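User: I'd like to go through this one with you, question by question. Could you keep the terms clear as we go?

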Amino acid sequence: QVQLVESGGGLVQPGGSLRLSCVVSGSIFMFNPMGWYRQAPGKERELVADITRANFTNYSNSVKGRFTISRDDAKNTVYLQMNSLKPEDTAVYYCNGQQPYGWATREYWGQGTQVTVSS
């Protein structure tokens, strides 16, 4: 059973930084892409950023220029570096892996890690 395990969340002041990590228990190459989503209270889960096997990246407009997604294939890990954090970035952040499966896609999710931006 493949698992995605996030870490790195916490409480940070506005303007601060955090780095989230997502470790894949199997091979990271089974997923294309891998990404980070977030869900704030009372809101729908939304894509923050994703990255393909070829290292193409995609960001939501709300985080572009502040967040950076990256991957270390040797460590089966995807990172989300978050800088210039704002209170509106407060949410539970989830790691996501999309596995091509024939004509369909299997989705895998981590358990989530809380990020709180507050003074």
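This is a predicted model: local features need pLDDT of at least 70, side-chain atom pairs count only at pLDDT 80 or more; totals for chains, interfaces and linings use all residues.

**Pocket, strands and sheet**

User: How much space lies in the largest pocket?
Analyst: A pocket here is an open set of points on a 1 Å grid over the protein atoms alone, where a 1.4 Å probe fits, with protein on both sides within 12 Å along at least five of seven lines; lining residues have an atom within 4 Å of a point. Points join across faces, edges and corners, and the volume is what probe spheres set on them fill. The lining includes R38, K43, E44 and D89. The space comes to about 170 Å³.

User: Is strand 9 largely enclosed or open, and how many of its residues are buried?
Analyst: Strands are DSSP E runs of at least two residues, numbered from the N terminus, and buried means under 20% relative accessible area with a 1.4 Å probe, protein chains only. Strand 9 covers residues 91–101 and is largely enclosed by the rest of the structure, because the buried count is 8 of the 11.

User: Which residue in strand 10 is the bridge partner of P100?
Analyst: Two strands pair if DSSP finds at least two bridges between them. Strand 9 runs antiparallel to strand 10 (residues 104–109), joined by 6 bridges. In their hairpin, with 2 residues between the strands, G102 takes a positive phi near 65°. The partner of P100 is T105.

User: And which residue of strand 9 stands opposite M34?
Analyst: Strand 4 (residues 34–39) runs antiparallel to strand 9, with 6 bridges between them. Opposite M34 stands G97.

User: Which strands stand at the edges of the open sheet?
Analyst: The open sheet has 4 strands in the order 1-3-8-7, with antiparallel pairing. Each edge strand has a single partner, so one side of each is left without a neighbour in the sheet: these are strand 1 (4–7) and strand 7 (67–72).

Conventions:
Residues are numbered from 1 along each chain as its sequence is written. Side-chain values use heavy atoms; hydrogens and water are left out. Buried means under 20% relative accessible area, exposed over 50%, partly exposed in between (1.4 Å probe, protein chains only).
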